[in-house]
Amino acid sequence: MENLNKMDNPEFYDARMKLEAIHQDIKRLMEKSNQEYLDLMLSNLKKDILNSVSVYISDDIENDLEQNMVNPCKMRETCKEKFNGFLQNNSKLIKQENMFPKKL
C-alpha cells in the first residue's frame, strides 16, 4: 500500500495524466458546444429580424406607393405595378444569407 501513496509511482502518474487529459477534453467539448449554441442562437436571431424587416417592408409597399405617386398620370398603374415588383424583389433580398458582397 505504501507504493500507491507515493507521487513518483508510475501508475499514479499515468492515471493522473489520463484524468487531466479527460478533463481537458471535456472542457474543450463544453467550450465548443457553447460556441455552437451561441452561433445557432445568433443565426436564428438574425433570420427572425431579417424576416420581420422584410414582412414590414412588404406590407408597406402598396400603401406607400399609393400615397406617394403622382395622381393625374396615365402611366400611374403601370409604374405602380413595376415599382411594386421591384420593391417586393428587394424586400426578398433582405432575407438572403449573403446580403452584402465580400470584399476582394
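Start by selecting every cysteine: a search of the whole structure turns up zero disulfides, a disulfide being a pair of cysteine sulfur atoms within 2.5 Å. The sulfur of Cys73 sits 5.9 Å from the closest cysteine sulfur, in Cys79, so the two are too far apart for a bond. Cys79 is likewise in no disulfide. Cys73 is partly exposed at 37% relative accessibility, and Cys79 is partly exposed at 29%. Here buried means under 20% relative accessible area, exposed over 50%, and partly exposed in between (1.4 Å probe, protein chains only).

Before you go on, note that this is a predicted model, in which local features need pLDDT of at least 70 and side-chain atom pairs count only at pLDDT 80 or more, while totals for chains, interfaces and linings use all residues. Residues are numbered from 1 along each chain as its sequence is written, and side-chain values use heavy atoms, with hydrogens and water left out.

**The whole chain**

Now switch to a cartoon view. You will find two helices and zero strands; helices (H or I, at least four residues) and strands (E, at least two) are DSSP runs, numbered from the N terminus. Of the 104 residues in the chain, 11% are buried. The chain exposes about 9,600 Å², with carbon and sulfur atoms supplying 60% of it; accessible areas come from the Shrake-Rupley method with a 1.4 Å probe, and for residues only the protein chains shown count as cover.

**Where the helices meet**

Next, select Arg76, which lies in helix H2 and is buried at 9% relative accessibility. Its side chain reaches the backbone oxygen of Val70 at 3.0 Å, a polar contact (a pair of N or O atoms within 3.5 Å; within protein, one must be able to donate a hydrogen and the other to accept it, and residues adjacent in sequence count only if both atoms are side-chain atoms).

Arg76 forms a salt bridge with Glu66, the closest N and O atoms being 2.9 Å apart. Arg76 is in helix H2 and Glu66 in helix H1, so this pair ties together parts that are ten residues apart in sequence. A salt bridge is a side-chain nitrogen of Lys or Arg within 4 Å of a carboxyl oxygen of Asp or Glu.

Then bring in Lys80, whose side chain meets that of Glu66 in a salt bridge (2.3 Å, N to O). Glu66 belongs to helix H1 and Lys80 to helix H2, so this pair links parts 14 residues apart in sequence. Lys80 is buried at 9% relative accessibility. Salt bridges with shared partners join Glu62, Glu66, Arg76 and Lys80 into one network.

Stay in helix H2 and select Asn84, buried with a relative accessible area of 19%. Leaving aside neighbours within four places in sequence, Asn84 is in contact (heavy atoms within 4.5 Å) with Ile61, Glu62 and Leu65.

**Along helix H1**

Select Arg28 and Asp25, whose side chains meet in a salt bridge (2.4 Å, N to O). Both lie in helix H1, three residues apart, about one turn of the helix.

Further along, pick Leu38, Leu42, Leu45, Ile49, Val53, Tyr56 and Ile57: together they form a nonpolar surface patch with about 640 Å² of accessible area. Patches are made of residues with over 30% relative accessible area and no salt bridge: like charges are joined within 9 Å, nonpolar side chains (Val, Leu, Ile, Met, Phe, Trp, Tyr) within 5 Å. Ile49 is found in helix H1 (residues 10-68).

**Last stop**

Finish at Lys95, in the segment after helix H2 (76-93). Leaving aside neighbours within four places in sequence, Lys95 touches Leu50, Asn51 and Ser54.
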